[in-house]
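Please look over the sequence and the model shown here before reading on. The report that follows takes up a few places in turn.

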Amino acid sequence: MPDGVIPATSPYLAAASLPPVRTDWTRDEVAALIALPFPELMFQAQSVHRARFDPTEIQISTLLSIKTGGCPEDCAYCPQSAMHEDGGVKASRLMAVEAVLKEARAARDAGAARFCMGAAWRSPKDHDLETVCAMIEGVKGLGMETCVTLGMLDDRQAGRLRDAGLDYYNHNLDTSPEHYGAIISTRTYQDRLDTLAHVRDAGINVCCGGIVGMGEDDSDRAGLIASLASLPKHPESVPINLLVRVAGTPLAKAEPVDPIDFVRIIAAARITMPASRVRLAAGREDMTDEAQTLCFLAGANSIFYGEKLLTTPNPEATRDARLLARLGMHTSLSQH
C-alpha cells in the first residue's frame with residue numbers, strides 16, 4: 001500500500017465504496033473543474049482527498065543535485081542548461097557515493113521519508129548509471145525510499161535501476177503538449193512519454209508532474225493535468241511546481257501566477273488523480289503560509305524539505321515545521 005494511503009477501515013472513508021480511478025480525463029473536463037466557483041472546487045478536492053488520505057498528514061521528501069549544470073537540453077526554465085550561459089550554474093562532476101549517503105543520513109534524521117537524487121543529463125551514460133545504482137542501494141540501506149531523475153531512459157537502463165531497488169523515477173511532462181514547443185526544443189513530448197513507459201514497464205513507480213507559470217494559458221494548464229490524468233496509470237507522485245524565475249534563463253521575466261489560480265491546479269490534480277501523492281514542489285519559497293495552507297486544503301500532501309531544490313531556493317526547514325505545527329498537521333515517515 002502506498003505511503004499515507006488510508007486503509008479500508010479508516011474513519012476518513014465515506015460509507016460508500018470508492019469510485020474507480022479514471023484515466024480518460026479530457027482537457028475540457030479538467031478546464032471545467034478548474035473554473036468551478038472556488039468553494040465548490042475546494043469542497044470537491046477535500047472530499048476526494050479525505051476518501052483516500054489522512055488530511056492532516058504530509059509526506060516529507062528531500063532532493064539533492066548529485067550532478068549539477070552542463071545539461072545539453074534547452075529547457076527555458078532551467079538554469080542548469082548549458083545553453084543558458086547567464087544562468088549562473090557551473091557544471092560539476094557526479095558526486096561520490098559516500099558524499100551522497102552523508103546527505104541522505106542527514107535528510108533521514110531531519111524527518112525525510114524519501115530521498116530524491118537529480119542529475120543534469122540528457123540521459124545517463126552506463127558508467128554513471130552504475131554509480132547512481134550504488135547510491136540507490138546505499139540510500140535503501142538507510143531505510144529510505146529512493147527517487148532519481150536522470151533524463152531520458154531506455155528500457156535496459158530502467159531495468160538496471162529497478163534491479164538496484166529504485167522506488168520512484170521522476171520525469172515531468174512540464175506543460176501541455178500544445179505549449180511544450182515554446183519551452184523545449186531538444187526533446188519531444190513523445191520522448192518524455194516513452195521514458196515514462198520504460199519506467200512503468202520496469203515496475204518502477206512514476207513521479208511525474210509539471211510547472212505552472214511558463215507563459216501558458218488556462219487551457220494549457222488544463223491540458224497538463226489532463227495529460228497526466230490520462231496516462232495508462234496515474235503517476236504515484238505528481239509534483240506541481242510554481243516556476244522559479246531564475247535570472248539568465250528565457251523565463252526570468254515571466255508573469256507571476258496568481259496564488260488562487262495555482263491552488264486551482266493543485267485541486268484539479270487531486271480530483272483527477274485521487275490516489276496519487278500531489279507534491280507541492282518548487283516555488284514554495286515565494287509562497288505565503290496562507291497560500292501553502294490553501295494548497296494543503298486542495299489536496300497537496302507532500303513537500304520537499306530542505307534549503308534547496310537542485311539549484312533553486314526552498315523554504316527553511318524550520319519555517320515548514322512551524323507552519324505544520326500551526327496547522328496541527330504531521331509528517332509521514334511511513335514506507336511502502
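## Tyrosine 180 and its surroundings

Leaving aside neighbours within four places in sequence, Y180 is in contact (heavy atoms within 4.5 Å) with L173, T175, R187, T188, Y189 and R192. Y180 lies in helix α6, where helices (H or I, at least four residues) and strands (E, at least two) are DSSP runs numbered from the N terminus. With a relative accessibility of 4%, Y180 counts as buried, a term that means under 20% relative accessible area, while exposed means over 50% and partly exposed in between, with a 1.4 Å probe and protein chains only. Y180 and L224 are separated by 44 residues in sequence, yet their C-alpha atoms are 9.8 Å apart in space.

Rings of Phe, Tyr and Trp (its six-membered ring) pair if their centres lie within 6.5 Å, and planes under 30 degrees apart count as stacked, over 60 as edge-to-face and the rest as tilted. A search of the whole structure finds one aromatic pair, and both Y180 and Y189 are buried.

## The model as a whole

This is a predicted model, in which local features need pLDDT of at least 70 and side-chain atom pairs count only at pLDDT 80 or more, whereas totals for chains, interfaces and linings use all residues. Residues are numbered from 1 along each chain as its sequence is written, and side-chain values use heavy atoms, with hydrogens and water left out.

The secondary structure of the protein comes to eleven helices and twelve strands, and buried residues make up 57% of its 336 residues. Among contacts between residues at least 6 apart in sequence, 76% join residues at least 24 apart.

Helix α1 (residues 27-34) and helix α9 (residues 259-272) have axes that come within 9 Å and cross at roughly 125°. Axes are lines fitted to C-alpha atoms, for helices over the stretch in contact, and angles run from 0 to 180 degrees between N-to-C directions. The two helices α1 and α9 are therefore oblique to each other, given that angles under 35 degrees count as roughly parallel, over 145 as roughly antiparallel, 65 to 115 as roughly perpendicular and the rest as oblique. The crossing of α1 and α9 is right-handed; a crossing is called left-handed if the near helix is turned anticlockwise from the far one by less than a right angle, and right-handed if clockwise. On the α1 side V30, L33 and I34 take part, and they meet R264, I265, A268, I271 and T272 in α9. These residues divide into six nonpolar, one polar and one charged, where Ala, Val, Leu, Ile, Met, Phe, Trp, Tyr, Cys and Pro count as nonpolar, Asp, Glu, Lys and Arg as charged, and the others, Gly among them, as polar.

The axes of α1 and helix α8 (residues 218-229) come within 8 Å and cross at roughly 115°, and this crossing is right-handed. R27, V30, A31 and I34 of α1 make the contact with S219, D220, A222, G223, I225 and A226 of α8. Here the division is six nonpolar, two polar and two charged.

## Helices α3 and α4

Helix α3 (residues 97-109) and helix α4 (residues 126-141) pack at an angle of about 35°, their axes being 9 Å apart, and their crossing is right-handed. V97, V100, L101 and A104 in α3 meet T131, A134, M135, G138 and V139 in α4. The residues of this contact divide into seven nonpolar, two polar and no charged.

D174 lies in the loop between β4 (168-170) and α6 (177-180), and has a positive phi of about 75° although it is not a glycine. D174 is buried, with a relative accessible area of 2%. E290, in helix α10 (residues 289-297), is instead exposed, with a relative accessible area of 53%. Between E290 and L323 there are 33 residues of separation in sequence and 9.4 Å in space, C-alpha to C-alpha.

T149 lies in strand β3 (residues 145-149). Not counting residues up to four places away in sequence, T149 touches M117, G118, A119, Y169 and N170. T149 and S65 are 84 residues apart in sequence, with 9.6 Å between their C-alpha atoms.
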